[in-house]
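Subject: Structure for you to look at

Hello,

I am passing on a structure for you to read through. Please open it first, then compare it with the notes below.

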Amino acid sequence: MATIDLASAPTQGAAGGQLVASAAFLRRRAITGAVVRVFLFLAAALSVFITAAIVYILVYDSILFFQKVSIVDFLTDTEWTPVFEKPRFGIITLVSGTLMTTLIGLVVAMPAGTILSIYLSEFAGHRTREIIKPILELLAGVPTVAFGYFALFFLTPLFQIFIPNLSGFNLLVPGIVIGIMILPYIVSVAEDAMRAVPDPLREGAFALGFTRFQTAIRVVIPGAFSGVTAAYLLGMSRAVGETMVVAIAAGQQATLAYNPLEGAATITAYIVQISLGDLPHNSLAYLTIFAAGLTLFLMTLVFNLIAFWLRKKYREVY
Amino acid sequence: MDALTIEKAVAAPVDEPLRASVIDLSFHYGEKQALFDVNFPIHDRKVTALIGPSGCGKSTLLRAFNRMHDLYPGNRYQGEVILYPEQINIVSPAVDPMLVRLKIGMVFQKPNPFPKSIYENVAAGLWVRGIRKKSLVDDRVEFALTQAALWDEVKDRMRSSAYGLSGGQQQRLCIARALAPAPEMLLLDEPTSALDPIATARIEELIMELAPTVKIMIVTHNMQQAARISNYTAFMHLGRMVEFDVTTNIFTSPKERKTQDYITGRFG
């Protein structure tokens, strides 16, 4: 940063020995400030621009799609057969697959993540936390394709021992694996939120005779409510967008998913599948990618809006 | 207890019943010793003030009374704090800190209401003691809030968040929260240091009102406050109890040179 240049910047004041900044020095500082501000603005603008560009492409190609397919059919049809001779476009099939795996993932990750966060934040000693946290973060670093094959070749056969009518491709196992995958995200955010609850609040609870567990449930979690909710919704957004695990282990069959023991395609799995084939550009099947992508985008957007609203409503100021 | 310890405990020239006595209490934060052989009595239904320069150990001593130090690893008590009439040593490792905290309430330096409604804050201490009967809880909550001189200000907004109250109101809410389960002793750790003068005056008034009728308190705070509201004063310096006496004696004719230097503002 700018240092005071003794030769040019400060001039000797009348009082003697006083340092007074020169006009040139102040001007240089103003220029540096302006350059920094422009640079920071560009960095911020770039992320907004990229988001806007993605939305533009999704919406543009989706409009082309909806010029050929009625939006009512898109939302109400129960079949998804875009490459058949008589194509049907019921997005509800893919959405049901996505919601099913997301739901199973959350059923695994929310309780486990909450318990783990409470343990790490309120019970674990310093050393235990220093061991467990990096291991959890390592879990977040495992490539998702590895999780996919873990689900397909290890967990599914294992589960089939106990659930004989479990299909080779199914929604249950990928859902559970997604739950394991989003666990580190949930724990990381939820534990931070719990640890941010100030100690005087805990001391107040202990002074009333609360046990550690009562303090965690009655004081820490309500205090960290907005952060814990944000953790769940972050996990949910990741579960909705998860691709590799479902593409590998949930199957490619676009059917209405109501039985988790059967396979079904999710929105992401469909996009992968259709993108890998050689579709003519601007064919109707090609345009489904964008309509499906837009649906996925809107789902995540809704979750994020709910998260935003909850955070605002329940934010605690200590 | 043998005759010697009793003699130490009642060293002050008074014939009032005792609520507790501190006998040869030492305390370590890990390796660092913070209290050295502290001895003094706590009289029933009187306000006892702990004064001294910051870092002298007065908060440490106060927090020993409800075993707050147990929350952090590596802390160690030696000596005794005998609670009457049960005559249990509340700093003994054999005594469950939960039991001590169920008997002794505490109010902290900064208001620390829970992120819940006003009602739930005051009812929290009752809930943890297994008191769930609605009519009883309602009565106790109203009684405690009245004692804490807050009832009139909050009775129409019991279900709204405690964080909507002003700092002074929050601190009175914390006092009500501590009073609701009717503790045997109330500890106040510089309860007005985060408050403005008007809120401070209200809390001081409250402490004086509560003392004769309700229970015993220890206040650690500035000298003027101790002089205004306490019956007994203990002066501490560098983790040692320098002098303990009736408050007027401490402020008018202290026996120790150090006490005199401190109260006349020569250090601290």
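With which side chain does the side chain of Lys133(A) make a polar contact? The partner is the side chain of Glu191(A), at 2.8 Å. Please keep in mind that this is a predicted model.

Chain A

Lys133(A) lies in helix H4, which covers residues 126–141 of chain A. Its relative accessible area is 16%, and the cut-off for buried is under 20%, so Lys133(A) is classed as buried. Setting aside neighbours within four places in sequence, Lys133(A) is in contact with Leu120(A), Ser188(A), Glu191(A) and Asp192(A).

Glu191(A) also turns up in the contacts of Ile186(A). Ile186(A) belongs to helix H6, residues 172–195 of chain A, and is buried, with a relative accessible area of 0%. With neighbours within four places in sequence again left out, its contacts include Ala109(A), Gly113(A), Ser117(A) and Tyr232(A). From Ile186(A) to Pro280(A) there are 94 residues in sequence and 41 Å in space, C-alpha to C-alpha.

Chain B

Chain B has an open sheet of four strands, in the order S2-S1-S4-S5, with antiparallel pairing. Its edge strands are S2 (32–43) and S5 (88–89) of chain B, each of which pairs on one side only. In general, strands of a sheet pair through backbone hydrogen bonds, either parallel or antiparallel. Strand S1 of chain B, residues 18–29, pairs with S2(B) over eight bridges in the antiparallel sense. Opposite Leu25(B) stands Val38(B), in S2(B).

Regards

How values were computed: Residues are numbered from 1 along each chain as its sequence is written. Chains are lettered from A and ligands numbered from 1 in the order in which they are written. This is a predicted model: local features need pLDDT of at least 70, side-chain atom pairs count only at pLDDT 80 or more; totals for chains, interfaces and linings use all residues. Side-chain values use heavy atoms; hydrogens and water are left out. Two strands pair if DSSP finds at least two bridges between them. Helices (H or I, at least four residues) and strands (E, at least two) are DSSP runs, numbered from the N terminus. Buried means under 20% relative accessible area, exposed over 50%, partly exposed in between (1.4 Å probe, protein chains only). Contact means heavy atoms within 4.5 Å. A polar contact is a pair of N or O atoms within 3.5 Å; within protein, one must be able to donate a hydrogen and the other to accept it, and residues adjacent in sequence count only if both atoms are side-chain atoms.
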